[in-house]
Amino acid sequence: MVFMDPPRHSKLRALITKAFTPRVVAGLEPRIRSLARELLDKNMERGVMDLAGDFSIPLPMMVIAGMIGIPPEDWPRFRRWSDAILKLSHTVRGMKTEEAESSAQDYFAVTAEMKAYLPGLIEPRLKNPQDDLLTKLIEAEVDGVRLSEDEILGFFQLLVVGGQETTTNLINNAILCFMENPEQLARLRAGPEGLPLAIEEVLRYRSPFQFIYRGTLQDVEMHGKMIPKGKLVLVMLGSANRDPKHFKEPNRFDITRDPNPHLAFGHGIHFCIGAPLSRLEARVALPEIFNRMQQFELAETTPWEPRKSLHVHGPTRLPIRFQPATQVSGR
């Protein structure tokens, strides 16, 4: 669907949008809060954790897997699929390096594994429909025709990556921003009602997705230069979100920035379907972290390692050391 244009794109997008309506997303908040607290509970006494591996990676994975209908025992496989698909984006098409060939082989292997896995989820739902996203895709029709197995697989792959990476990096990047700007964290602690604006500033300042591909359908003139029709364009979202023509002091992290017309979730007909869910997960997860930890800092002196992907921005690991709060709000 990411590579389609209307009208086919519009019809397929309408199907998946039904799973991300405001009512559906809002209904997930208690589950997200419960998962967040369970994950934090496992590490509170130690005073140290890998925020990425112990919290911000498993949280959105559990949420989206639950929405799709993947059983908990298969969640580790679900994460491995996401890593393999994402790894492919770390290489450029046509590269003949060993890494590129390995990434391609992993992607094709994972695609074959997912294709073999899906019937085991689809067949029981044909007999006994469930209240999950996969059942909705199985039952859906476009122009009176049910989705093909390959189309369902395409949706599945899109959700595997899109449903995890944005939120994982949003949470990790938020913690990095606040560790680098402790005065902004103090301001947020003093006025927690400012959290929605703070999340938007994290999205702008450290955009989880740094670029997207687009193809020109006609000649386009920009800044005195002509981009011919039929060319592939690399749209740098991270750069646009630091554009001084649109943002005052763009390289300053300011949680009170308003308005904040960033492009972290894209723009137009391909605007990220899961944006409301990602924002909700951050609105739930970050206060849980702040309430449970009075202070936190990086637990290692070495620079954090970025995710191995050309377009995704965030740490692979985020070891932090913290002082547990003596009293936890709302518990």
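# Briefing: cysteines, core, helices and salt bridges

The sulfur of Cys177 has its closest cysteine sulfur in Cys272, 19 Å away, which is too far for a bond. The structure described here is a predicted model. A search of the whole structure finds zero disulfides. Its largest nonpolar core has 90 residues. The salt bridges number 27.

**Cysteines**

- Seen from Cys272, the closest cysteine sulfur is that of Cys177, and 19 Å is too far for a bond. A disulfide would need the two sulfur atoms within 2.5 Å.
- Cys177 has a relative accessibility of 0%, so it counts as buried.
- Cys272 has a relative accessibility of 23% and counts as partly exposed.
- Cys177 is also one of the residues that Arg206 touches.

**The nonpolar core**

- Five residues have the most contacts inside the largest core: Phe20, Phe55, Leu59, Leu286 and Ile289.
- Helix α9, residues 149-180, gives the most to this core. Its contribution is 15 residues.
- Ile289 touches Leu40, Leu51, Phe55, Ile171 and Ile175, leaving aside residues up to four places away in sequence.

**Phe155 in helix α9**

- Phe155 is placed in helix α9. Its relative accessibility is 4%, so it counts as buried.
- With residues up to four places away left out, Phe155 touches Met1, Leu12, Ile16, Leu137 and Leu147.
- Arg321 is 166 residues from Phe155 along the chain. The C-alpha atoms of the two are separated by 38 Å.

**Arg206, a buried arginine**

- Arg206 sits in the loop between α11 and β4, the strand of residues 211-215.
- Is Arg206 buried or exposed? Arg206 is buried, because its relative accessible area is 11% and the cut-off for buried is under 20%.
- Its contacts, not counting residues up to four places away in sequence, are Asn173, Leu176, Cys177, Glu180, Glu201, Trp304 and His313.

**Helix α10**

- Helix α10 covers residues 182-190, and its buried residues are Gln184, Leu185 and Leu188. They lie on the same side of α10, because they cover an arc of only 100° around the axis.
- An α-helix has 3.6 residues a turn, so residues three or four places apart point the same way.
- Pro182 and Ala190 are exposed residues on the face of α10 turned away from its buried side.
- Several elements cover the buried residues of α10, including α9, α11 (195-205), α13 (275-292) and β8 (293-298).

**Helix α6**

- Helix α6 runs over residues 75-88 and has 14 residues.
- From its first C-alpha to its last, α6 reaches 21 Å. That is close to the 20 Å expected at 1.5 Å a residue.
- The buried residues of α6 are Trp75, Phe78, Arg79, Trp81, Ser82, Ala84, Ile85 and Leu86.

**Salt bridges**

- Lys11 and Asp143 form a salt bridge, with their closest N and O atoms 2.8 Å apart. This pair links distant parts of the chain, 132 residues apart. Lys11 is in helix α1, residues 8-17. Asp143 is in the loop between β2 (141-142) and β3 (145-146).
- Lys11 is partly exposed, with a relative accessible area of 33%, whereas Asp143 counts as exposed at 58% relative accessibility.
- Asp254 and Arg187 meet through their side chains in another salt bridge, at 3.8 Å from N to O. Asp254 lies in the loop between α12 (237-240) and α13, and Arg187 in helix α10, so the pair ties together parts that are 67 residues apart in sequence.
- Asp254 also meets Arg252 in a salt bridge, at 3.4 Å from N to O.
- Which of these residues is buried? Asp254 is buried, with a relative accessible area of 9%. Arg187 counts as partly exposed at 43% relative accessibility. Arg252 is partly exposed too, with a relative accessible area of 36%.
- A network of salt bridges links Glu29, Arg33, Arg37 and Glu288.

Technical notes: Residues are numbered from 1 along each chain as its sequence is written. This is a predicted model: local features need pLDDT of at least 70, side-chain atom pairs count only at pLDDT 80 or more; totals for chains, interfaces and linings use all residues. Side-chain values use heavy atoms; hydrogens and water are left out. A nonpolar core is a set of buried Ala, Val, Leu, Ile, Met, Phe, Trp, Tyr and Cys residues joined through side-chain atoms within 4.5 Å. Buried means under 20% relative accessible area, exposed over 50%, partly exposed in between (1.4 Å probe, protein chains only). Helices (H or I, at least four residues) and strands (E, at least two) are DSSP runs, numbered from the N terminus. Contact means heavy atoms within 4.5 Å. The arc is that of the directions from the helix axis to the C-beta atoms. The expected span of a helix is 1.5 Å times one less than its number of residues. A salt bridge is a side-chain nitrogen of Lys or Arg within 4 Å of a carboxyl oxygen of Asp or Glu.
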